[in-house]
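Welcome! Take a moment to look over the sequence and the 3D view, and then we can walk through them together.

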Amino acid sequence: VARLQLWVARPLLWVARLQLWVARLLLWVAPPLLWVAPPLLWVAPPLLLVAPLQLWVAPPLLWVARFQLWVARPLLWVARLQLWVARPLLWVARLRLWVVRLLLLVAQLLLWVARLQLWVARLQL
């Protein structure tokens, strides 16, 4: 029986030591908290007066938020549709840009050939 009592008493002793440590910590922390308490008591009543006002204002703000969501969803659908249309148009614009670059390259080549022909014609005269 004594061994069983020791087996039970040791964890209880650890718990008591932990409680003592926490109590010492609270004694160390309590005085500054007591300094903070009076200003909190001074601030609390106005905050309690503001709380019913907040409860009165909150439902209309929720209605406004719901309306904004109701408006935003179709705008999001329109934006997605615009993206869906814009991507192929962007591909076409890139293709046209490559065609223009190719035509510029051909034009430069033809200009070089024309200059070469002009140089050969001057040599023949």
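Is L116 buried, partly exposed or exposed, and what is the relative accessible area behind that label? L116 has a relative accessible area of 39%. Because buried means under 20% and exposed means over 50%, with partly exposed in between, L116 counts as partly exposed. Please keep in mind as you read on that this is a predicted model.

**The overall picture**

Let us step back to the chain as a whole. Its secondary structure comes to one helix and zero strands. The radius of gyration is 42 Å, well over the 14 Å that the globule rule gives for 125 residues, so the chain is more spread out than a compact globule. Along the principal axes, the C-alpha atoms fill a box of roughly 130 × 55 × 35 Å.

Buried residues make up 0% of the 125 residues in the chain. The accessible surface comes to about 12700 Å², and carbon and sulfur atoms account for 78% of that area.

**Along the helix**

The helix, α1, covers residues 2-124, and L34 has its place there. W63 is also found in helix α1, and L116 lies in helix α1 too. V1, on the other hand, belongs to the segment before α1.

W63 counts as exposed at 56% relative accessibility. For V1, the relative accessible area is 81%, so V1 is exposed, the cut-off being over 50%.

| Pair | Separation along the chain | C-alpha to C-alpha distance |
|---|---|---|
| L34 and L48 | 14 residues | 21 Å |
| W63 and R94 | 31 residues | 46 Å |
| V1 and L104 | 103 residues | 104 Å |

**Side chains worth a look**

Which residues make up a nonpolar surface patch of about 720 Å²? The patch is made by L109, W112, V113, L116, W119, V120 and L123. That list brings us back to L116, the partly exposed residue with which we began.

The structure holds one aromatic pair. There is also a charged side chain set against a ring: R101 lies over the face of W98, at 5.1 Å from the ring centre.

Notes: Residues numbered from 1 in each chain as written. Predicted model: local features only at pLDDT ≥ 70, side-chain atom pairs only at ≥ 80, totals over all residues. Heavy atoms only, no water. Helix = DSSP H or I, 4+ residues; strand = E, 2+ residues; numbered from the N terminus. Patch = residues over 30% accessible without salt bridge, like charges linked within 9 Å, V, L, I, M, F, W, Y side chains within 5 Å. Areas by Shrake-Rupley, 256 points an atom, 1.4 Å probe, with all protein chains shown as cover. Salt bridge = Lys/Arg side-chain N within 4 Å of Asp/Glu carboxyl O. Buried < 20%, exposed > 50% of the residue type's maximum accessible area, 1.4 Å probe, protein only. Rg over C-alpha atoms; globule rule 2.2 N^0.38 Å. Phe/Tyr/Trp six-rings, centres within 6.5 Å; stacked < 30°, edge-to-face > 60°. Lys NZ or Arg CZ within 6 Å of the ring centre and 35° of its normal.
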